[in-house]
Amino acid sequence: MRLTRRDFVKFTGIGISTFLGMSLLGCTKKETFKDTLVIGYADDLKLRGDPAKIDRSIPKFCVLERLIEYDLSSDDFVPSLAKKWEIENDGKRIVFELRKGILFSDGTEMDANAVKFTYDILVVRKHSVAPKSVEVIDDYTVAFNFDEAWVLNFAKLQDVHGLGVMSPKSVEPEGDPNGTLVNLIGTGPFKVVEYVENQYTVLEPNRYWFERTGLEPKIKKLIVKVIPDEDTRVLALRSGEVDVLIDNYHGGYDYTPRNQLSALKRDGFKVLTKNIPYTWIVAFNYKKEPFNDVEMRWAVNYAINRDEIAKIFDEWVRPAWDGMFPPEAPGMAEANVRYEYYLEKARDIVSGKDVGEIKFIVDNSQSDQVLVAQLVQQQLKDVGLNVKLETLERGVYRDRVRSGDYDLRIYYIGGSERTFYMRIFWRFLPPEKPWKVYMSDNVTEKAMAVVKEFDKTKRRQKFVEFYKALYEEAGVAPLYYEVVAVVEKPNVEGVKFEYSEPRFYSAYVRAYA
Amino acid sequence: MEFAFASEVFRSRIFKNNLCTIGFGIILFIAMLGLLAPVIADDPYKTNLAERLKPPSLEHPFGTDQLGRDLFSRVVHGARTSLFVAMTISLISMAIGCLIGAVSGYFGGIIDDIIGRIIDVFLAIPELVFNIALVGIFCVAYGVSTWNVILAVVITNWVSYARITRGIVLSLKEKEFVLCAKAIGARDSYILLRHVIPNAIGPIIVLATLNMGNVIMTIASLGFLGLGIQPPTPEWGQILNSGKNYITTAPWITFFPGLFIALSVLGFNLLGEGLRDVLEKRTLEY
């Protein structure tokens, strides 16, 4: 067979094209993924011992699920493990119908007995978010009884301080609400496979959850490393020891410092934030001079330039001009309250008063708040107040708060979405406790009216009245509206917020071969 | 006579010694900055967010920090804090340490054994770790304050004075002038205060000078760890700590307090070394 010139050109062309194609394929980076996502977290998850003390974030949202959830945008409690519910006895009794076919990560079915077991853990401990009692009506129906008829009964069932439904096999002796937590078993997207106290926890996907939702897990392991110090956590992210930093935002501390977010973003890390109904404030010791005087509380409010405070954090947070809660809080926008920066007015008030040294205390473990306190101190000095700032170790700070040995302190109101309602109770309603912020006859009455109202339209109006009463009495001096933040390496994808919490069921970590 | 002798030593020896002169010059420079801080610097607490994280300029020679405060003002006011705290610690430690060391060396016997073992215990624990632990305890018990920091450092710092003084007194108590004083019936307290301690003062001054540098480092270390003097009071270690999160974007926040810590430690070490040369020569001559 003779090779013609045309055949030669044709075969040579095919050969060269094939060679080039193969070469190009070889040059292309093959995208691969890591099996493991490592989270840096401030607190131990407390997965042994007292089951009521499980830490508030990761196990509660990665391992456990709740009967209901709270959607701030609609101010509605929405179904989760419970399909629907009936309110009885004016709201003192709620009967939940459970979804069928929900499996715990050990393959056993979630039913009314598991729900009763879970909430009995809180009942026997007289926990602050415990119901009065829980009754099993049938395998998929469970009734909760409460002492009070108020909307907080729903809030308690999804609050971050409470529990999600866990298997009775989680404790020893099995099913005993007084038992010891030995292996947390939930219905959520992950299951616990290893736990070393104060060091790390290893989680793996719960196949029953993924089968139920029709999703595919993209990681094989989720490791949570405990790194208590905030600067050390940031260094762990920078060094590659962890892939993601998340906040433990339940109580105003243990989160990625907001004053470092810009530097982290500039250095290539991804910063995800979500607004939450949470406000940092200056809280007054309003039971003694000089801040038992409403005029003095207004003087502080007028003296604070909130824009400057937001600048400390490169405006990752919003200045709190438009109310004591951010506008997305139910009824806040309608309340139409506005805090002003009015130096002359503040000076006029202060000049007419005989005020001595003001003790302003701040917890030194919160670097953000130490910065804010220094700025606020200067702003108050500018209107003639003699403010002594005391930066205190956390334990000493708490002792000073308990004993009432302060005039001003940096504190917070509100919280993540699911904590918003309970914090109305914990900050503004009796009984008197160190964590209360402001109570007066009028404010307390208005706050009580909010939490007693089951109808959300009427409740919204009551929120407006409560905000106005609190504003008129200058019960707090709001500073800035907080966010919840996730900081992740550039190769981390798929982390997303649900109800203020970061979720990891669709997360993955890119790696290049 | 003694005064005349001392001034002669100052003129003829100390200022002819290069180490002494340089060290003294550095310390004098920092001390003058600290003393004149209210005149030459602005209010170290004054915030101005519009001037936040500005690099060094004519208006702000050391730049500004994360609250827009003038760093020059904070650093020179920090010199007052650091030098005051370091001098207070050194003086108290010296007084306690010298007294205990002199008593231990002079009386000997069981007193010396007990004090010696106590000194051994203190020396067995790394000083900074001990300081951190003590400040931590005081923080929890009483809150952080300057006096708690001073107390915590004094508790560990007297030991070196006691050890040195004891050694010197052990040799001095066998000298003829001490034996003569005993022979004519002088009381022990008189001999200690009038004859023994004055003759031990040279090495103690050297130790105190060198120790000042260590104390400044200790205070700065505690401040850096968040255990020392607390914000908003300007203190070098604490300013350094506040700047560590901005080291890539605003390195001047860490550079200038770091420079002043280094300079002051260098100054005291040079002066101490120089004094050692001068005073040891004097001891040899007499």
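A polar contact is a pair of N or O atoms within 3.5 Å; within protein, one must be able to donate a hydrogen and the other to accept it, and residues adjacent in sequence count only if both atoms are side-chain atoms. Between chain B and chain A, 10 residue pairs are in polar contact, both residues being at pLDDT 80 or more. By class, the side of chain B that touches chain A has nine nonpolar, eight polar and five charged residues; here Ala, Val, Leu, Ile, Met, Phe, Trp, Tyr, Cys and Pro count as nonpolar, Asp, Glu, Lys and Arg as charged, and the others, Gly among them, as polar.

A word on what you are looking at: this is a predicted model, in which local features need pLDDT of at least 70, side-chain atom pairs count only at pLDDT 80 or more, and totals for chains, interfaces and linings use all residues. Residues are numbered from 1 along each chain as its sequence is written, chains are lettered from A and ligands numbered from 1 in the order in which they are written, and side-chain values use heavy atoms, with hydrogens and water left out.

Let us stay with the interface for a moment. Here 22 residues of chain B are in contact (heavy atoms within 4.5 Å) with 22 residues of chain A. The rule finds three salt bridges across it, a salt bridge being a side-chain nitrogen of Lys or Arg within 4 Å of a carboxyl oxygen of Asp or Glu. A:Asp231 and B:Lys244 form a salt bridge through their side chains, at 2.7 Å from N to O.

Next, find A:Glu69 in strand β3 (residues 68–71) of chain A; strands (E, at least two residues) and helices (H or I, at least four) are DSSP runs, numbered from the N terminus. With a relative accessible area of 6%, A:Glu69 is buried, where buried means under 20%, exposed over 50% and partly exposed in between (1.4 Å probe, protein chains only). Its side chain makes polar contacts with those of A:Arg66, at 3.3 Å, and A:Arg418, at 2.7 Å.

Helix α8 (residues 294–303) of chain A is mostly covered, as eight of its 10 residues are buried. Among them are A:Trp298 and A:Tyr302, and the cover over the buried residues includes β15 (270–284) and α16 (456–472) of chain A. At the N-terminal end, A:Asp293 caps the helix, with a side-chain oxygen 2.9 Å from the backbone nitrogen of A:Glu295.

Finally, B:Pro55 sits in the loop between α3 (37–40) and α4 (71–107) of chain B. B:Pro55 is partly exposed, at 44% relative accessible area.
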